[in-house]
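Hi,

Here is the structure I promised to pass on to you. Have a look at it first, and then read on for what turned up.

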Amino acid sequence: MKLVKIITILLFISTTFFAQSLSGVKICIDPGHGGHDAANDRHIIVPDFWESEGNYSKALHAEEILTSLGATVIVTRAGNTDNDDLALSVRSGIANSNNVDLFHSIHSNATGTSTRRNSSLVLFRGYNDAPVFPDAKSYAAKVYENLEKVNHVTNLSYTNISGDWSFYPDWGTSGLGVLRGLTMPGILSEGSFHDYIPEAFRLKNSSYLRHEAWAITRSILEHFNAGTLPNGNLAGVLRDPNVNVSSTYQPISELGDTKKPLNSVKATLQPGNYIYNGDDQNNGYYFFDNLTPGEYKLYVEAEDYSLDSSNVTIVANNSTFVNKNLTLIVNENNPNVLESYPQNNTVNFSNSANIEILFDIQMDKASTESAFSISPIVAGTFSWEDNNKRLIFNPTSNLVAGQLYEVTISNLAKTIFDKNLLFGYNFQFTTRSKLNLISYYPINGSDDISRSVEIRFQFDQAINAGTLGGNISFTDSQGKAVTPSVDFTAYSKGIISFTPVSDLIAGESYKVIIGEGIGDIEGVKFQENLEVVFTVENVLYTNGEIIDDFETAGNWKTPQNSGSIGIDETTNFEINSSKKYNGNFSGEIVYSFISNDGYYKISRVNSVAVGSNGESIFGLWIYGELSGNILEYWFKDSENNFYSKEVDTLNFTGWKMKDVKLSDVALGNLWFEGIGIKQVSSTNISGKIYVDDAQYDFATPVENEVANIPTEYLLSQNYPNPFNPSTVIKYSIPSFQTRVGGGFVTLKIYDILGSEVATLVNQRQGSGNYSVTFDASNLTSGVYFYRLNSGSFTKSMKMLLIK
Amino acid sequence: MKISFLIMFFVGVTFAQEVSVVSIDQLTKIEQGKFYYPVGNIDDSKIAFSNEIYKGLWLQNNSDGKIEKINDYYSSGFEPNFTNDNQIVFRKDNFENNLRYISIHKYDISKKAEKIIESGLRNIAQIKVANETEISFSKDQSLFEIKANNKLSKIATNVNPIVMIENSDLVLYKNGVRSVLNPNGDGNYLWASVSPDGNNLVYTFAEEGSFVTNLNGEIIANLGYAHYPQWSSNSKWIVFMKDYDNGELVTDSDLFIASFDGKKEIRITDTKDIHEMYPVWSKSKNRIYFNSTKGIIYKIELKFN
């Protein structure tokens, strides 16, 4: 395993800013559009930098600093999700709706070509010599001047301050959309170029972004003639002067970027004992802000490098820069291998993972790579991390499944100080030999499966879709193939998941076979044949009184406003058309717990009465999942007492009716109030279910003996007849008679004199076919009659008890 | 006037047998200037519009198409309000030491006379005209009204509900009570207005789209991706734009109307060469004004079956 470095960045941030005269000033900070769309949000693969993230971080720093100075700050977006990808009209509309005094859109730049540069650019609306708002041009000049002071940029022979109509002459007077409709002076600043890789590494450092926020703050203070900051900042970059960065970065020597920045630097400032711990993002950056002006002693250090120091003078309203080249400490010791990945004798090692070896001293790359061997021979490439202490071998192709490998580092490997390993080092490991099935659903032999079941096989490695042909089948009891809808996106998670295109037939059995040839992306096969037979639940439901069809938004509060506990910001509820049991929409519940005992809850804006009949059944159609968490319904009574009722474990897929009997909740009038999901353990952290057609007063579900719903009443002759002592009476209730919630049905037994001797049925029932057993143990021999009543239908039949 | 072929193609299309677009007419020419953000007056005889940054106010007669420039003030074209005495209320922004100061002006269209009715205002929310007569704004969480005698007073009880955006909060003033509604939680609210019948309000929540709520802030309808929502005069419909961009330029925008309960949504323009934006319903329920990104004002005539 790679060592995970925990970077602690200790920023010295005084909470006591000297209150300047920004009180009453209203500013709109716009961090551009949000989200992680590679096409629009400027992703730099190395070092995985997103402009949308950098802009937002700068905006939050600026908001904090400006607010501390008394300003009212409106930030156009509240996060960096795809929902924060706001339209241009919305961003300018927010500024206009709030009547701000100034608008500042924060960005970083890219050349869009293979040429690299690093400079700042500030654009205002209009032509260079004819700004739409003259004050925007003067503000732009201030911003540029302050950005150039804090960012590691050059002032090349390149446009730095411009009207957008002059800068984009091909666009006419369209210019930058975000500046188009503003009622106040506004600018757009590009602090630096994020496609210049050394700068992208710096932009990964939150303190570097914060320093830009200070530059913006100084510009705003100047713009409003609001004085200057009484304190100053200190920043710098620590490098190794003897190691060059990759020439592919096109490093700018003027910025010192040709030399390698150090990771995990530590800077200490005295007096005050202020400490800054740097990150591991290859920027070597350290930063202190809001320092009282005066003389300080700065100490800087990094692992394997000697401590260095400087006297520094902090000046009010300014940033002081002290860049340092640190000296590598000579280490005359012989190196040792601290650990390997995989460890010696590891089995079931990934066939596609890298092999890593960690040394305790920086190693000479050439000799160490030459000293590396693996048997059987594997082609691959080398890379280094952790200050040249971690050698990484990346095989060109997958390792052979089930193979024993031996890795050796001979004693020819030496440190950068020319000291060899005293002894060779070797370790063995065995690769995975088999694709393992972790879990699957439905369980073989289960008989309560949803008609819209999602069939799911979870393996321990991403699936190679090309291996599935001929290795998987889905058939009914007649051997006829069932057409599936496949979730192709699940393969990368090691999941084969599919649902029937058409609902399965109640009571019917189905078979799924997955074959030995199914393979993963490492070329490892399943090597088994698994047969899963399941039966669809044989239950028929008739709608009751539907109180929420989940077709309209606005009936539910958010989970955040409904009393949820331990959820993260991705937790949500919305009406959408992703799935539906009925109509066009259903409610989508998405939850993610951040604790071990989280609770998701959504409450209705207005509770809905479900009556006071304790015999009534209340339920919702639930499209389940396999999280193992607990589904609950919430009710309240007339005195606003709230009741939660555990409904079921979420261990199913597809639509299933999940109901509770109201008398099991509480007595008296009840109102449906909400839905809950209870986390059962620390591993059950997230899930997604759908809910549809909340209803009550529907008939008790019955066995669907005949798939077709009856079209007429039927009362059959009891069987056996004569009987002793019990017999079965069958009858049918047609659909046309069933009102919402079912019609009321009675089935009673009478003796030869017409006296009632037993009541077999006395309740509301939905359409369907029913059978009831009549036990006459307590009666004497003789003729008896049974009579069925439902609506206008009445029929009696005779039976004979012979003891 | 020349009308885009694509717009013409769309005219006459009937939607669900309920609403049809009868005509789309171009009301201004590019030679006359680039105009944006149209607003119709009370009897629908005139339209006010502005330039792209809401600087300046122009009036156009619907009868002869003549355009008259009223002023060249900053923000005078931002949400101007016609009153039922044939006047137009607008604002004038001055930036002194780069701080925005707002004055409220009234222009008598018949007499062509302008009057300053309040000046030197800082940090006020929008200027709203309720019931076509009552000019009000909010400041420091209080509602102020400009009386008929042009005197400013803090309102104890406002009869007609007024919705404001105060530091991005959605705030309702009703019967003298200030309520922060924020039905979608904290965030940026904008483009909010009370329906003409005073029963509901529509707004945009930046990250989620537009919504209709009752005056208790309970959401009635989610209009989805819908910007600049504006009420019809009968409070039954809302017109809005669905505008898209690449971060720098608007790449597409079309207009839609939706029933206030969100159950019906009808597209009323479908063009690629014209980006229709900032629609507003006239006092007639059958007429909508809008501007294109190129600065042309248009009029849409609808027919409700």
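Leaving aside neighbours within four places in sequence, which residues is Ile238(B) in contact with? This is a predicted model, and in it Ile238(B) is in contact with Val202(B), Leu223(B), Pro229(B), Gln230(B), Trp231(B), Ile257(B), Ala258(B) and Phe260(B).

The largest nonpolar core has 163 residues, and Ile238(B) and Ile27(A) are the ones that touch the most other members. Helix α7 (residues 206-223) of chain A supplies the largest share of this core, with eight residues. Domain 1 (26-223) and domain 2 (232-325) of chain A each contribute at least three residues to this core. Another core, of 39 residues, lies apart from it; Ile547(A), Leu620(A), Phe635(A) and Phe672(A) are among its members.

Next, the contact between the two chains. Chain A puts in 43 residues and chain B 42. On the side of chain B that touches chain A, two or more residues come from each of β8 (87-96), β9 (99-108), β18 (189-194), β21 (219-224), β22 (227-231) and β23 (237-245) of chain B. Of these, β21(B) gives the most, four residues. Sorted by class, that side of chain B has 18 nonpolar, 14 polar and ten charged residues.

Finally, the domains of chain A. The assignment lists domain 1 (26-223), domain 2 (232-325), domain 3 (337-431), domain 4 (437-537), domain 5 (545-701) and domain 6 (714-801). Taken over C-alpha atoms, the centres of domain 1 and domain 5 of chain A are 44 Å apart.

Definitions and conventions: Residues are numbered from 1 along each chain as its sequence is written. Chains are lettered from A and ligands numbered from 1 in the order in which they are written. This is a predicted model: local features need pLDDT of at least 70, side-chain atom pairs count only at pLDDT 80 or more; totals for chains, interfaces and linings use all residues. A nonpolar core is a set of buried Ala, Val, Leu, Ile, Met, Phe, Trp, Tyr and Cys residues joined through C-beta atoms within 7 Å. A residue is buried if 20 or more other C-beta atoms lie within 10 Å of its own, exposed if 12 or fewer, and partly exposed in between; C-beta atoms are placed from the backbone. Domain bounds come from an automatic or database domain assignment. Two residues are in contact if their C-beta atoms, placed from the backbone, lie within 7 Å. Ala, Val, Leu, Ile, Met, Phe, Trp, Tyr, Cys and Pro count as nonpolar, Asp, Glu, Lys and Arg as charged, and the others, Gly among them, as polar.
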